Amino acid sequence: MLVEAGLEPWQRNHLSYFAIRVGARRLADAAACLAAVGESAGAEIADRQA
C-alpha cells in the first residue's frame, strides 16, 4: 500500500485536514438522509462508517 511506504508532508496534511474529514461528513449527511426516508439499516451503516 502506498501509505505504508510513507507519505510526503503535503499528502499527510491533505488527508488529515481535508479528505478524511470530507468523507466522514458526506457519510454523516448520507446517514441523515437515509434515516429521513426510513432506511434505518442503511443509515446505521453510514453512521458507523462516518
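The radius of gyration used here is taken over C-alpha atoms, and the globule rule is 2.2 Å times the number of residues to the power 0.38.

**Figure 1. Overall dimensions of the chain in the predicted model.** The radius of gyration of the chain is 15 Å, whereas a compact globule of 50 residues would have one near 10 Å. Along the principal axes, the C-alpha atoms occupy a box of roughly 45 × 20 × 10 Å.

**Figure 2. Secondary structure of the chain.** Three helices and zero strands make up the secondary structure. Read from the N terminus, the order of elements is α-α-α. Helix 3 covers residues 40–49.

**Figure 3. Surface and burial.** Of the 50 residues in the chain, 6% count as buried. The chain has an accessible surface of about 4,200 Å², and carbon and sulfur atoms account for 59% of that surface.

**Figure 4. Charged side chains.** The chain carries 5 positive and 6 negative side chains. A distance of 7 Å separates the centres of the two sets.

**Figure 5. Glu44 and Ala31.** Glu44 and Ala31 are 13 residues apart along the chain. Their C-alpha atoms are separated by 6.8 Å in the predicted model.

Terms used:
Residues numbered from 1 in each chain as written. Predicted model: local features only at pLDDT ≥ 70, side-chain atom pairs only at ≥ 80, totals over all residues. Heavy atoms only, no water. Helix = DSSP H or I, 4+ residues; strand = E, 2+ residues; numbered from the N terminus. Buried < 20%, exposed > 50% of the residue type's maximum accessible area, 1.4 Å probe, protein only. Areas by Shrake-Rupley, 256 points an atom, 1.4 Å probe, with all protein chains shown as cover. Lys, Arg positive; Asp, Glu negative; His and termini not counted. Charge placed at Lys NZ, Arg CZ, Asp CG, Glu CD.
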